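Dear colleague,

I am handing over the structure below, together with some notes on its charged side-chain contacts. Please read the notes with the coordinates open.

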Amino acid sequence: MLAKTLRIALRTMAALALFVLLVLLGLWIGSSIPRGAKMPDTPVNPVRIMVATNGVHTELVLPIVHRTKDWRETFPSAGEWINGSAPTHISIGFGEREVFLNTPTLADLDIITAARIAATGGEGLLRVNSLINPGEHKNRRALTIGGAQYQRLVETIESELPDLGSQGFRSYETGTVDTAPYYQSTLRYSILHSCNQWTSDRLSDAGIRTGWLTPFSGGVMK
């Protein structure tokens with residue numbers, strides 16, 4: 001009886017391991033299938049942006065002031081100085097409210113919150129951090145795009161912000177990253193619309209080549 005139970009347990013574990021492996025393989029394939037146009041060698045009216053990651057989460061790094069867009073008009077925190085210096089860039093990333101505001105690290109994510117997000121998703125927020133002359137390194141990669149592409153990128157980000165009408169500047173709140181305000185988004189966070197999928201979707205909407213399915217940061221960065 002014990003031997004039979006052990007065999008059933010081993011078969012179940014093997015089946016689960018195979019399922020996980022197939023899911024990961026499918027996600028890797030999905031992130032490797034390109035969508036969007038290949039970047040031209042010499043973009044018209046070039047704009048230098050960046051895609052950044054902390055190994056789990058990805059964000060877009062954009063110039064605060066450009067002839068296409070002054071982000072201080074949309075995110076008032078972008079106009080606040082940092083230790084006596086004016087910021088030059090902002091990083092914009094999408095996430096779930098409870099995680100963004102009350103979960104400093106993945107180790108602090110409780111099972112109930114994780115299960116709720118997996119089952120029903122959650123309210124989306126944008127984290128907007130101000131930066132001073134961010135340099136390029138292995139976790140922050142530069143990308144030169146055309147002016148028309150940057151215009152579309154700006155428009156698609158702004159399209160998911162709530163319309164406040166006569167209320168003026170959008171209000172924001174603070175969370176787990178002290179220097180980064182969090183702004184309301186009209187999008188909901190879900191497994192299929194995660195922080196990393198948001199990054200690649202915004203790039204794709206702007207006509208920039210990226211992967212189809214990118215739930216993990218590596219799928220975005222590659």
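A residue is called buried when its relative accessible area is under 20%, exposed when that area is over 50%, and partly exposed in between. On that scale Arg116, with a relative accessible area of 31%, is partly exposed, whereas Glu96, at 4%, counts as buried. Please bear in mind that this is a predicted model.

The side chains of Arg116 and Glu96 form a salt bridge with an N to O distance of 2.8 Å. This pair links distant parts of the chain, since Arg116 belongs to helix H3 (residues 111-120) and Glu96 to strand S4, 20 residues apart.

A search of the whole structure gives eight salt bridges. Among them is the one between Lys69 and Glu158, whose closest N and O atoms are 2.6 Å apart. Lys69 sits in the loop between strand S3 (58-63) and strand S4 (89-96), and Glu158 in helix H4 (residues 147-158), so this contact ties together parts that are 89 residues apart in sequence. Lys69 counts as buried, at 9% relative accessibility, while Glu158 is partly exposed, at 29%.

Another salt bridge joins the side chains of Arg48 and Glu136 (3.6 Å, N to O). Because Arg48 lies in strand S2 (residues 47-53) and Glu136 in the loop between strand S5 (122-131) and strand S6 (140-145), the pair ties together parts that are 88 residues apart in sequence. Arg48, at 46% relative accessibility, counts as partly exposed.

Finally, a network of salt bridges links Glu160, Arg202 and Asp205.

Key. Residues are numbered from 1 along each chain as its sequence is written. This is a predicted model: local features need pLDDT of at least 70, side-chain atom pairs count only at pLDDT 80 or more; totals for chains, interfaces and linings use all residues. Side-chain values use heavy atoms; hydrogens and water are left out. A salt bridge is a side-chain nitrogen of Lys or Arg within 4 Å of a carboxyl oxygen of Asp or Glu. Helices (H or I, at least four residues) and strands (E, at least two) are DSSP runs, numbered from the N terminus. Buried means under 20% relative accessible area, exposed over 50%, partly exposed in between (1.4 Å probe, protein chains only).
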